[in-house]
Amino acid sequence: MRVLGIETTCDETAVAVVASRIGGDGGDILSNEVMSQIAQHAAYGGVVPEIAARAHIDVLERLIVRALDAAGTDIAGVDAIAASAGPGLIGGILVGLTAAKALALAADKPFIAVNHLEAHALTGRLTERLDFPYLALLVSGGHTQLVAVLGVGDYKRLGSTVDDAAGEAFDKVAKMLGLPYPGGPHIERLAEEGDPARFDFPRPMFGREGADFSLSGLKTAVRQEIARIGTPTERDVADLAASFQAAIVDVLVDRVRSGLRIFTQSGGQPNGLVIGGGVGANGAIRRALTRLCAETGLRFVSPPPGLCSDNGAVVAWAGLERFARGMTDDLTFAARPRWPLDANAGSLHHGKA
Amino acid sequence: MRILAIDTALPAVSACVLDLGAADPIAIETAPMERGHAEELLPLVERVVAAAGGGFASIGRVAVTVGPGSFTGIRIGLAAGQAIALAVKAPIVGVSTLAALAAPYVLVPFDGVVAAAIDARHGQVYVTAYGPDGRTLLSPRRVGAHEALRALGSGPLRLIGSGAPLLAEEARLAGLEAEVASRAPAPDIAYVARLGLVADPATAPARPLYLKAPDAKPSEQRPLQDAPAEA
Ligand SMILES: Nc1ncnc2c1ncn2[C@@H]1O[C@H](COP(=O)(O)OP(=O)(O)OP(=O)(O)O)[C@@H](O)[C@H]1O
């Protein structure tokens, strides 16, 4: 089976075709076209919704054609069309969602609405054979949460950030340090040359019960340190980056550890830990989670960085997972700019799962 | 040739199927609405194509309104139109909402200026105008009602669209002869189809006609010493 997946929830326009393997053994990415709008937003220090929506409509059609060509097929050759219907920026979502529904209607194919977070959470099963249940750490510019992935469409949020998302923290700190947007990769690069032990930044929520995150205090501490220094030298900037990243790594590892505890206490035994979201590209975070998993005997599934950041392949894959279980949607499906993965997320918000 | 026309740029969702040479669409549906275009559009298109018979395979061309209008509405129509055209391997053409609003009046003998205007709020209008011979006098633009009237000349004026009353009021203040021929908030989709049939895909691309830059302010990239103070 082959599914075409469309992703337009934020600042990447992406289309991919993914085929399932027989026997539930993951999928084959036949094409994965991604067009980033970063350059168009860079001057604004963040994503401007109307600019994003305009950029999506300008390139989406071309990307669909390219993804089909690269996969060596046409629309008749795919079995279903999937799109991210949220969460994200409504203007962009509507572009991808409408195009997907229209393709499905005109080509007489089933349509599947995918939750963007679900797509990241299911990525571990695209790249490897991984059985439910497992734990997913979703860390991007807009989201930071730990999710118990119990089955397709069956997710339990164990914890999430009460303030900034991890990528947001990277981006804000990068901005304070005068680095371009998005700042994550720049911080990571600078951190390699810096001293992670020079500044003792706080590790909010460390050791706390539950699996919630808090990152705004860390960001504030970095700002105060910069103010104290006055005019940071290159050395200072590298040390600030390294010390900040070290603090984030510690927080993430601690929260994952706590999430694992909650997972097992509620009677489950996770088959692995999957990381998803743009921050999942961070090498220091990956290494720390690899260590944690080695310690706890848990399998660490880290999709390649290109599948962690926003892309169409993970949307197509989530579409395949749903399609294989008969979960399709109709043409009236409305965009969901806010769409918690977990239907009961409200009551679980403070990690009391 | 058979054309499928789609419009979601203004307060309505419309689609019709028109065959070349036929006077009227073989199937047509219009649902006036302020919100909810995205959810309404594809079920409506599905009904219209089903009513026309022959299915999507019979569609030889797609026409879609490209604006001016609601930015989101423009993109919904374009995304749908482009995807349908791609799926049925048919060319797609873009039609301006102003041209479609004016179309029923442009070829009616009238010794004056025909202007289509859409209320763009805050005293602004999207406007275009045609002379007695049907030639474009004023290309589509977004201007204040007062400025629009000045650009339309000395009348008499025949005004069409949601911005027509605004221009009529300006005309009255200026002592010009003006009549509001229609206040239709959205074009008759049959005219979108007719214009789409005669349009050349090479010169009428299905690309947004926003007539307004996006609202976006550059963030103040402050120097290191003066890091942002927001929480
Ligand atoms: N190497 C890295 N280290 C740390 N952060 C990174 C790295 N690479 C990317 N990031 C961060 O990841 C974020 C981008 O994530 P991503 O592409 O997943 O989507 P997003 O735009 O945040 O959308 P969404 O939250 O909807 O998934 C940015 O905040 C960026 O700074």
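Here are legends for a handful of close-up views of this predicted model.

A few ground rules come first. Residues are numbered from 1 along each chain as its sequence is written, while chains are lettered from A and ligands numbered from 1 in the order in which they are written. Since this is a predicted model, local features need pLDDT of at least 70 and side-chain atom pairs count only at pLDDT 80 or more, but totals for chains, interfaces and linings use all residues.

**View 1. Chain A as a whole.** Chain A has 12 helices and 10 strands (DSSP runs numbered from the N terminus, with H or I over at least four residues for helices and E over at least two for strands). Its C-alpha atoms fill a box of roughly 65 × 50 × 35 Å along the principal axes. The radius of gyration, taken over C-alpha atoms, is 20 Å, which agrees with the value near 20 Å for a compact globule of 353 residues (the rule being 2.2 Å times the number of residues to the power 0.38). Buried residues make up 59% of those 353; buried is 20 or more other C-beta atoms within 10 Å of a residue's own, exposed is 12 or fewer, and partly exposed is in between, with C-beta atoms placed from the backbone. Of the contacts in chain A with a separation of 6 or more, 75% link residues 24 or more positions apart (a contact is two C-beta atoms, placed from the backbone, within 7 Å).

**View 2. The annotated binding site.** An unreviewed UniProt entry gives the annotation "binding site" to A:His116, A:His120 and A:Asp310. Although these residues are spread over 195 residues of sequence, they cluster in space, with a largest C-alpha distance of 8.7 Å. UniProt positions follow the numbering used here, feature names are shortened, and annotations may be inferred rather than shown by experiment.

View 3. A:His116 counts as buried because it has 30 C-beta neighbours inside 10 Å, and A:His120 counts as buried with 32. Looking past neighbours within four places in sequence, A:His116 is in contact with A:Thr9, A:Ser84, A:Gly86, A:Pro87 and A:Gly88. With residues up to four places away left out again, A:His120 touches A:Leu138, A:Gly276, A:Gly277 and A:Val314.

**View 4. A:Leu130 in its loop.** You'll find A:Leu130 in the loop between α4 and β6 (134-139) of chain A. With 19 other C-beta atoms within 10 Å, A:Leu130 is partly exposed. Its contacts beyond four places in sequence include A:Asn271, A:Gly272 and A:Val301. A:Asn115 is 15 residues away from A:Leu130 in sequence, and 20 Å away in space, C-alpha to C-alpha.

**View 5. Helices α5 and α6 crossing.** In chain A, helix α5 (residues 166-176) packs against helix α6 (residues 184-193) at about 70 degrees, with the axes 8 Å apart. That makes α5(A) and α6(A) roughly perpendicular (65 to 115 degrees). Among the residues that meet here are A:Phe170 and A:Val173 from α5(A), and A:His186 and A:Ile187 from α6(A).

**View 6. Where chain B touches chain A.** Here 32 residues of chain B are in contact with 41 residues of chain A. On the chain B side, α1 (37-52) and α2 (71-88) each supply at least two residues. The largest share of that side, 13 residues, comes from α2(B).

Definitions and conventions: Axes are lines fitted to C-alpha atoms, for helices over the stretch in contact, and angles run from 0 to 180 degrees between N-to-C directions. Angles under 35 degrees count as roughly parallel, over 145 as roughly antiparallel, 65 to 115 as roughly perpendicular and the rest as oblique.
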